[in-house]
Amino acid sequence: MESMADSLLDRFLRYVRIWTTSDKHVEATPSSPGQWELARLLVEELRNLGIGNVELTEHCYVIARLPASSGYESKPLLGFMAHLDTAQDVPGRDVKPVVVERYDGKKIVLGGAIFGNGAAVSGGSEATAPLPGSPVLDPEADPGLAAQKGKMIIHTGGTTLLGADDKAGIAEIITAAGRLMARRELKHGPVVLIFSPDEETGKGLPFFPQEKLGDLKACYTLDGGAMGEVESECFNAYMAKVYFSGKVIHLGQARGELANACLMAAAFATMLPRSESPEATDGYYGYYCPTEISGGLEEAALELYIRDFDLNRAKERIAALELFARAVEAQFPGGTVKVDVTAQYYNMKEQISRRPEVLAKLEEAARRLGISLSRKPIRGGTDGSRLTELGVPTPNIFTGGRNFHSVKEWVSVPDMEIACDLIVELVTTWAEP
Ligand SMILES: [Zn+2]
């Protein structure tokens with residue numbers, strides 16, 4: 001039989017090779033065919049573990065139900081969730097994971113260096129001169145990486161993301177489920193596993209199969225970062241689309257007449273305070289972030305995110321958008337600006353704090369494994385934010401991955417194993433009297 005590590009590692013390497021980048025411009029859910037491919041593979045693997053009740057919904061949610069141990073049927077139903085898609089920010093196709101069996105603690109040049117013989121070598125250390133512009137993982141700048149010396153890590157080839165976000169989470173959940181199925185001495189209540197499409201775009205959420213989840217008491221997403229980190233509060237998140245309509249006339253006769261929608265959008269973007277941007281903030285500070293700008297003389301559009309842990313402060317930013325809109329109209333007579341705001345997800349802190357046992361069980365399971373947890377606010381959200389809003393408290397657990405949404409993404413294999421152990425321990429902890 002495969003060892004735990006092999007099986008977890010093998011799964012992870014299988015999953016990251018499937019191209020599951022989601023596409024925010026595609027209306028359908030899932031937004032990319034690779035998500036179906038991964039979902040079908042998971043269905044097959046879950047069935048091979050002996051789980052009879054596995055379902056794939058019409059919108060590509062995979063739902064698997066593990067029956068309770070005999071005599072434990074009345075224990076609370078627990079969920080574990082991870083997402084199928086990867087972020088659009090960097091390429092996610094042809095991911096070539098590089099497995100470093102024993103990390104030597106040196107700088108890692110991603111994509112490797114070209115030697116005199118023309119051979120490309122992945123994961124070259126600092127002894128080889130990097131190609132100009134090659135991304136580098138530097139342990140001096142990243143204590144988390146330095147701490148992996150002597151351990152197994154996996155990084156990218158330098159041109160794509162890795163997809164540990166969230167395929168590390170998927171591999172951990174499925175491996176843990178395999179262990180729960182195989183080891184009858186592990187007593188547990190009913191467990192449901194949920195693998196969701198289009199988390200990164202937020203477009204999977206409207207199709208969340210809540211009605212299929214029954215009386216779910218608590219859920220945990222495996223979608224976090226460094227070992228030990230647990231997230232139980234997240235941003236309140238809104239997306240705004242700002243539409244600019246210009247006043248167009250032949251450019252030869254434009255003097256005093258033209259209202260140029262391109263410039264209106266640009267003027268609006270520059271009104272967003274730079275001190276309230278993702279690049280200028282951290283911790284509990286919120287921000288505005290333009291994410292897309294498009295258009296021409298006549299029409300232009302700007303998409304932006306508003307994020308804040310404090311709901312009132314998020315709403316103040318929404319109100320400010322209207323003021324910026326009026327200011328742009330004043331600068332461009334004849335032009336009009338319209339702001340459309342949609343809520344994406346809400347801070348889960350309050351809901352989770354109403355059910356303290358959800359974090360208490362997690363703390364207890366971690367204590368038994370000898371690991372200490374640290375709480376950290378997520379400067380983002382997860383599918384767990386949505387589930388929490390629906391009344392199922394859903395904190396987020398580390399996966400062992402780092403530098404998500406970038407070509408510098410990497411994952412610690414021992415930390416993945418700990419995440420997997422934690423799932424098993426958590427399930428059995430919940431089943432105790
Ligand atoms: Zn994620």
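Q: Is aspartate 223 buried or exposed in this structure?
A: In this predicted model, aspartate 223 counts as buried, because its relative accessibility is 11% and buried means under 20%. Aspartate 165 falls under that cut-off as well, with 6% relative accessibility, and counts as buried.

Q: How many disulfides does a search of the whole structure find?
A: A disulfide is, in general, a covalent bond between the sulfur atoms of two cysteines. The search of the whole structure finds zero disulfides. For cysteine 60, the nearest cysteine sulfur is that of cysteine 219, 17 Å away. For cysteine 219, the nearest is that of cysteine 234, at 14 Å. A disulfide would need the pair of sulfur atoms within 2.5 Å. Cysteine 60 counts as buried at 0% relative accessibility, and cysteine 219 is buried with a relative accessible area of 0%.

Q: Which backbone feature does cysteine 60 have?
A: Cysteine 60 has a positive phi of about 75°, although it is not a glycine. Its place is in the loop between strand E1 (53-56) and strand E2 (62-66). Aspartate 94, also not a glycine, has a positive phi of about 55°. Aspartate 94 is found in the loop between strand E3 (77-83) and strand E4 (98-100), and it counts as exposed at 54% relative accessibility.

Q: How many salt bridges does the structure hold?
A: Side chains of opposite charge can, in general, pair when their charged atoms come close. A search of the whole structure finds 30 salt bridges. One of them brings together the side chains of arginine 14 and glutamate 45, at 2.8 Å from N to O. This pair links distant parts of the chain, with arginine 14 in helix H1 (residues 4-16) and glutamate 45 in helix H2 (residues 33-48), 31 residues apart. Arginine 14 is partly exposed, at 37% relative accessible area, whereas glutamate 45 is buried, at 8%.

Q: Which residues do salt bridges with shared partners join into one network?
A: Glutamate 292 forms a salt bridge with lysine 24, the closest N and O atoms being 3.1 Å apart. Glutamate 292 lies in strand E14 and lysine 24 in the loop between H1 and H2, so the pair ties together parts that are 268 residues apart in sequence. Both are partly exposed, glutamate 292 at 27% relative accessible area and lysine 24 at 21%. Lysine 241 and glutamate 303 meet in another salt bridge, at 3.9 Å from N to O. Lysine 241 is in strand E13 (residues 236-245) and glutamate 303 in strand E15, 62 residues apart. Lysine 241 counts as partly exposed at 31% relative accessibility, while glutamate 303 counts as buried at 9%. Salt bridges that share partners join Lys24, Lys241, Glu292 and Glu303 into one network.

Q: Which residues form a nonpolar patch on the surface?
A: Val248, Leu251 and Leu297 form the patch, with about 250 Å² of accessible area together. Leucine 297 is in the loop between strand E14 (287-295) and strand E15 (299-308), and it is partly exposed, with a relative accessible area of 33%.

Technical notes. Residues numbered from 1 in each chain as written. Predicted model: local features only at pLDDT ≥ 70, side-chain atom pairs only at ≥ 80, totals over all residues. Heavy atoms only, no water. Patch = residues over 30% accessible without salt bridge, like charges linked within 9 Å, V, L, I, M, F, W, Y side chains within 5 Å. Areas by Shrake-Rupley, 256 points an atom, 1.4 Å probe, with all protein chains shown as cover. Salt bridge = Lys/Arg side-chain N within 4 Å of Asp/Glu carboxyl O. Helix = DSSP H or I, 4+ residues; strand = E, 2+ residues; numbered from the N terminus. Buried < 20%, exposed > 50% of the residue type's maximum accessible area, 1.4 Å probe, protein only.
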